[in-house]
Every structure is written in structure tokens, then in C-alpha cells.
Amino acid sequence: METTAELKYFTEIISQSKHLVAFTGAGCSAESGIPTYRGEGGLWTKYDPDKFANYDYFIKDPTYFWSFFKEIRLPILEKSEPNDTHRTLARLEVEGNLKMVITQNIDGLHQLAGQKNVCELHGNTRQVVCLTCAKKMPFEEVGKKLDTEMPPLCACGGLLKPDVVLFGEALPQKVLLESWQAAQLCDTFLVVGSSLVVQPAAQIPLVARKNGAKLVIINLDPTPLDSLADLVINQKSSDVLQALF
Ligand code: NAD
């Protein structure tokens, strides 16, 4: 299918949907300057995920994790802003039938763009949790400590960790259930910027498909679920979504 026909079909599917759910991944924030894990320029081409994104390694060497966080992730996060993909999805919530954004992202940019109904599967890096007393606090409270205290500790003496799900950790059950239900209820399931290889998140589009929803995938690279989709568009998500308005 040529590009204009793809976009026309895309616009048709989205405008006919009465209950749309979006599922976003790192590609959605790539145009905000936050590197993806996979795909061109992905973090995994330069850094070892078994170290910076793995729970066991975090426990073994929290200083490595926090140093990586401070030097690589934090400066990027601090200057990142929502892009046209986040903004268009927020607009679809107000003006269209987008009921929920299920996101694998941990950057909080959907909320900064004004999205109200966001289900964060992997947590949010703008919050920190104590592994001993379970107290949660905004990242700013901890950010100041990083120059003098490495790894940063809670007032109770416990180890602090960004409130995100690392590899080796279970997803929060409530959030998983909520996204499962949203996938069962929707008539159209829109994947935006995800390689669809991280489990169990990548099962959620399948739940929607099995319940009869149309599946649309916008991603620069092919995904393992492409053959099940009603429409796959391998273009930048901001370009595709903006075609709706
Ligand atoms: P991924 O890195 O595995 O895949 C990203 C996909 O986005 C790639 O397949 C790439 O082709 C596509 N992409 C890149 N730029 C795009 C664009 N402009 N438009 C459309 N597609 C584009 O990401 P994932 O599937 O989300 O899984 C990675 C895991 O890493 C997630 O669990 C997430 O928690 C975490 N992560 C989050 C962030 C973030 O919060 N911004 C960034 C990196 C990784």
C-alpha cells in the first residue's frame, strides 16, 4: 500500500473507532530526544542492559546504576519535552475517542502533554521508592543528593531506586489488570513506537486482537505482531498521528 493510501485507511479506522486505546513505547519519546532501547541509536547499542536495566545488578551494584542514571539519563530527561506524538494523543483524548494510553515509557511525557488517562506499566522515573520502608518521593528530593551520596539512601537508611520496573521485577498487578481490561474493551488498539518484544507488555495487543479489536501498529521497524495487524505503518509516529487533524 502506498503512503497516502495507508494514511487514508489509518484516518478512517481511527475516526470510525468508538473506543480507542493506545499502547506506547520508547519510539513515542524518541522525537523528544530520549533514546530508545532498540532500533537506530538505541541505548543498547552503547550500554549493557544487563547492568543498567536489571534488578539483580541494581542490588549488586547500585552505584553503577545511579551513576549511569545521573550522567546519562537525568540530563536527557531534564531537558525533554512532549513532542507532537504525545500532544496528538492528548488531543485525541479530548476531541476523539481515545479512552486510555497504556505506556511502557517511564518518562512521564504523556502526562506533561496533558493526557489524563495514562496507565504506566513500567512505572515512572520521576518518582523514587525506598526498597526498605516503601516510601515514595518525587525525584527532585533525591536528585540533590546525587553529588554527595552515591547510592542515595532514604531517611530510614534503605536503598532508593527510581520507581520503575527493571528486568527481573514483576509488573504491578493493579496496573497490569487495568491495561488488560482496557485491551478487552476497546474496538481499536493503536500501537505507537514499540518494538513489541518486552514481556508481558507485548501480550496486551494480543488481548485486544483476540477480543475482536482492530490492531494498528505505527513503528519505524517491523515488530513480531505485524502479521496480525490490520494496518502497519513504518513511519515516524508524529507524522502519522498529525495526519488525523
Ligand atoms: P524499544 O526501544 O524496544 O523499541 C522502540 C521502537 O520505536 C523501535 O522499534 C523503533 O523502530 C521505534 N521508533 C523509534 N523512533 C520512532 C518514531 N519516531 N516513530 C515511530 N517509531 C519509532 O522500546 P519499547 O518497545 O518501549 O520497549 C523498551 C522498554 O524500555 C520499555 O519497557 C520502556 O520501559 C523502556 N524505555 C523507556 C523509555 C522512555 O520512557 N522514553 C526509553 C527507552 C526505554
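Aspartate 84 is partly exposed in this predicted model, with a relative accessible area of 29%. Its side chain forms a salt bridge with that of arginine 87, the N to O distance being 3.2 Å. Arginine 87 is likewise assigned to the partly exposed class, at a relative accessibility of 43%. Both residues belong to helix 5, which spans residues 84–95. Because aspartate 84 and arginine 87 lie 3 residues apart in this helix, about one helical turn separates them.

A salt bridge also links the side chains of lysine 145 and glutamate 149, with an N to O distance of 3.8 Å. This value falls within the 4 Å cut-off, so the contact is counted. Lysine 145 is partly exposed, at 26% relative accessibility. For glutamate 149 the relative accessible area is 26%, and this residue is also partly exposed.

A further salt bridge joins lysine 161 and glutamate 169, whose closest N and O atoms are 3.2 Å apart. Glutamate 169 has a relative accessible area of 25% and is partly exposed. Lysine 161, by contrast, is buried, with a relative accessible area of 2%. The value for lysine 161 is under 20%, and therefore the residue is classed as buried.

The count of salt bridges in the model comes to 7. Among them are the pairs aspartate 84 with arginine 87, lysine 145 with glutamate 149, and glutamate 169 with lysine 161.

Terms used. Residues are numbered from 1 along each chain as its sequence is written. This is a predicted model: local features need pLDDT of at least 70, side-chain atom pairs count only at pLDDT 80 or more; totals for chains, interfaces and linings use all residues. Side-chain values use heavy atoms; hydrogens and water are left out. Helices (H or I, at least four residues) and strands (E, at least two) are DSSP runs, numbered from the N terminus. Buried means under 20% relative accessible area, exposed over 50%, partly exposed in between (1.4 Å probe, protein chains only).
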